[in-house]
Amino acid sequence: MKKKWNKIALLFFVLLSTSLLGACGQKSVAGEDILERIEKDQEIVWGVKTDTRLFGLINIGTGNVEGFDIDIAKAITKEILGSKGHAEFVEVTSKTRIPLLKNGNIDAIIATMTISDERKKVVDFSDVYFDAGQSLLVKKGSPIKGIESLNANTTLLAVKGSTSAVNIRKKAPEAKILELENYAEAFTALKSGQGDAMTTDNSILLGIAEENPDYTLAGDIFTDEPYGIAINKGQEPFLNRVNEALATLKANGTYDKIYDKWFPK
């Protein structure tokens, strides 16, 4: 019996030692200096939307993601790393973007992400890079004329993990809310009659309406939704460089050129 317990104790010691050695051999993502690494690798990995017209959408012809967020990310990368710097893009959704950032899969999120007090508890935000506001998208001829039209007989479509889903519950507490995985699914649900209106930021809805002329925005915006670039906590040097780059882009006219390219109206 004593030999048996000695073997068990030895096995436990070996497993514990192996585990500790493995942990010591891995560099903690949370403790990594991102600015230092990107300057060494000459690459920033950005989490972006790939289903959001005007901001981040896959071009079927080229296979590349294109949009306002993409061009801003490229311009910031160039400001921080120089002309040889590379911007790598990883697809995120409203639901996955913060977990991917916290896990170290991406360096920053630029994906129509609203700055909020709740999100500030887990990530840091850059200065505002785009001002938006929440609105409603409906089929032309809909009886819904704005937020005041919503009631217990209304079904609203929103995206999981977005501030829009949270906001609409406060603004229209009686309405039914159906949450989908992404904007494409939400709009498909609207077209198929699963909901009466789709709600998210007006900038995103304008992109959908531009491509689908049978749909229009109803009423005025009913929230302020300032977009920021999300960066992991404890990465102040990287955050400061992003803010410096943003300020430079706005001062030298690059920001305005990108804005006018995607929002000429």
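This report describes a helix pair and an open sheet with its covering helices in a predicted model.

## Packing of α3 and α9

Two packed helices are described by the angle between their axes and the distance between the axes. For helix α3 (residues 68-81) and helix α9 (residues 236-251), the axes come within 9 Å and cross at roughly 110°. Angles of 65 to 115 degrees count as roughly perpendicular, and α3 and α9 are therefore roughly perpendicular to each other.

On the α3 side, the contact is formed by I72, A75, I76, E79 and I80, which meet F238, R241, V242, A245, L246, T248 and L249 of α9. By class, the residues of this contact comprise nine nonpolar, one polar and two charged.

## The five-stranded sheet

An open sheet contains five strands in the order β11-β10-β12-β9-β13, and its pairing is mixed. Strands β11 (176-180) and β13 (215-218) form the edges, each pairing on one side only. From one strand to the next, the twist averages 35°.

Within this sheet, strand β9 (residues 134-139) and strand β12 (residues 197-201) run antiparallel and are joined by four bridges. L137 has M198 in β12 as its bridge partner.

## Helices lying across the sheet

Helix α6 (residues 163-171) lies across β9, β10 (155-159), β11 and β12, and runs at about 85° to β9.

Helix α8 (residues 202-211) lies across β9, β12 and β13. The direction of α8 is at about 125° to β12.

Methods. Residues are numbered from 1 along each chain as its sequence is written. This is a predicted model: local features need pLDDT of at least 70, side-chain atom pairs count only at pLDDT 80 or more; totals for chains, interfaces and linings use all residues. Side-chain values use heavy atoms; hydrogens and water are left out. Axes are lines fitted to C-alpha atoms, for helices over the stretch in contact, and angles run from 0 to 180 degrees between N-to-C directions. Helices (H or I, at least four residues) and strands (E, at least two) are DSSP runs, numbered from the N terminus. Angles under 35 degrees count as roughly parallel, over 145 as roughly antiparallel, 65 to 115 as roughly perpendicular and the rest as oblique. Contact means heavy atoms within 4.5 Å. Ala, Val, Leu, Ile, Met, Phe, Trp, Tyr, Cys and Pro count as nonpolar, Asp, Glu, Lys and Arg as charged, and the others, Gly among them, as polar. Two strands pair if DSSP finds at least two bridges between them.
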